[in-house]
Amino acid sequence: MNSPSNRVSIIGAGKVGSTLAQRIAEKNLADVVLLDIVEGWPQGVALDLMEARGVERHDRQIVGTNDYTDTANSNIIVIAAGVPRKPGINREDLIKINARIVTEASKQAIEHSPEAILIVITNPLDIMTYLAWEAADVPKHRVMGMGGVLDSARFQTFIGMELGVSNAEINATVIGSHGDLMVPLPRYSTVNGIPINQLMDAGAIDRLVQRTRHGGEEIVGLMKISSAYFAPASSACLMVESILFNQSRLLPCSVYLHGEYGVQDIFLGLPCRLGYQGVEQVVELELSDTERAAFIESGKLVAQNIEEARAMLKTAS
């Protein structure tokens with residue numbers, strides 16, 4: 001699957017989608033199709049990125065389009081379409097709007113690339129990943145959400161800032177939902193192999209955990225009219241690379257659960273191996289009673305939100 005003809009289609013050419021297209025092309029991972037409903041916008045972004053090729057020294061093709069036909073034969077489809085988090089938009093409105101967008105995008109994209117793997121970025125992420133899987137009607141291992149990679153990257157960053165050490169020395173692990181009930185795991189977060197609970201006190205760790213849980217809100221609060229896009233794009237790009245080049249990297253992603261920790265029939269964040277077939281293995285960590293309870297609680301909220309989203313879609317139809 002790691003041939004020069006790799007193709008990744010990104011549905012949604014906003015800031016996340018456009019930045020992801022740039023990352024993929026400039027890392028020479030694949031040709032990119034950038035699709036958006038706004039006429040001219042994806043074409044303009046694609047042309048701008050094409051004109052940068054000589055400077056960035058790559059020959060990847062970047063196509064902008066409003067037509068799903070142009071996404072045909074993609075190895076990976078990334079769903080980045082939808083309304084981003086902004087002040088004043090409540091959870092119910094976000095679910096209602098994005099559920100319709102993600103459902104339609106998944107159906108149309110998989111129709112033209114029936115063997116593709118789906119990566120979902122749109123929020124609320126775990127709910128949208130489930131809806132994308134239902135709409136696409138593909139095997140569970142071929143659908144995943146990006147949230148855990150981003151949440152772990154944020155935790156990693158905050159640990160580095162607190163300790164004043166290089167991020168290259170840090171590995172951080174966050175499981176559960178991509179939201180306020182996510183479960184950062186200090187015991188599985190290390191600096192050069194040393195657990196962070198041996199390097200800082202409990203108060204500092206709790207402060208970093210809370211900042212990680214509200215990392216997206218912090219950026220929305222600062223930007224006012226936008227939400228994060230650099231780190232989400234980089235997180236999705238890491239997943240794309242692991243799949244296209246069959247690296248089998250162990251990454252925390254929103255994956256379908258088959259009873260892990262007693263949770264099933266939802267998408268929720270756990271470490272998994274990503275290779276050319278998609279999710280190759282889900283790793284069930286040894287959790288404390290407190291960690292397990294927090295994970296189960298985050299799953300209950302996701303399950304509730306999935307049912308709400310389904311009801312909204314049914315009412316809209």
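1. A residue is called buried when its relative accessible area is under 20%, exposed when it is over 50%, and partly exposed in between, using a 1.4 Å probe and protein chains only. By that rule Cys253 is buried, with a relative accessible area of 0%, and Cys237 counts as buried too, at 2%.

2. This is a predicted model, in which local features need pLDDT of at least 70 and side-chain atom pairs count only at pLDDT 80 or more, while totals for chains, interfaces and linings use all residues. Residues are numbered from 1 along each chain as its sequence is written, and side-chain values use heavy atoms, with hydrogens and water left out.

3. A disulfide is a pair of cysteine sulfur atoms within 2.5 Å, and the structure holds zero of them. The sulfur of Cys253 lies 3.9 Å from its closest cysteine sulfur, in Cys272, which is too far for a bond; for Cys237 the closest cysteine sulfur is that of Cys253, 13 Å away and likewise too far.

4. Strands (E, at least two residues) and helices (H or I, at least four) are DSSP runs, numbered from the N terminus. Strand 12 (residues 249-258) is largely enclosed by the rest of the structure, because seven of its ten residues are buried.

5. Two strands pair if DSSP finds at least two bridges between them, and strand 12 pairs with strand 13 (residues 264-275) in the antiparallel sense over nine bridges. Tyr256 has Phe267 in strand 13 as its bridge partner, and in the hairpin of these strands, with five residues between them, Gly259 takes a positive phi near 110°.

6. Trp41 belongs to helix 2 (residues 41-51) and is partly exposed, with a relative accessible area of 46%.
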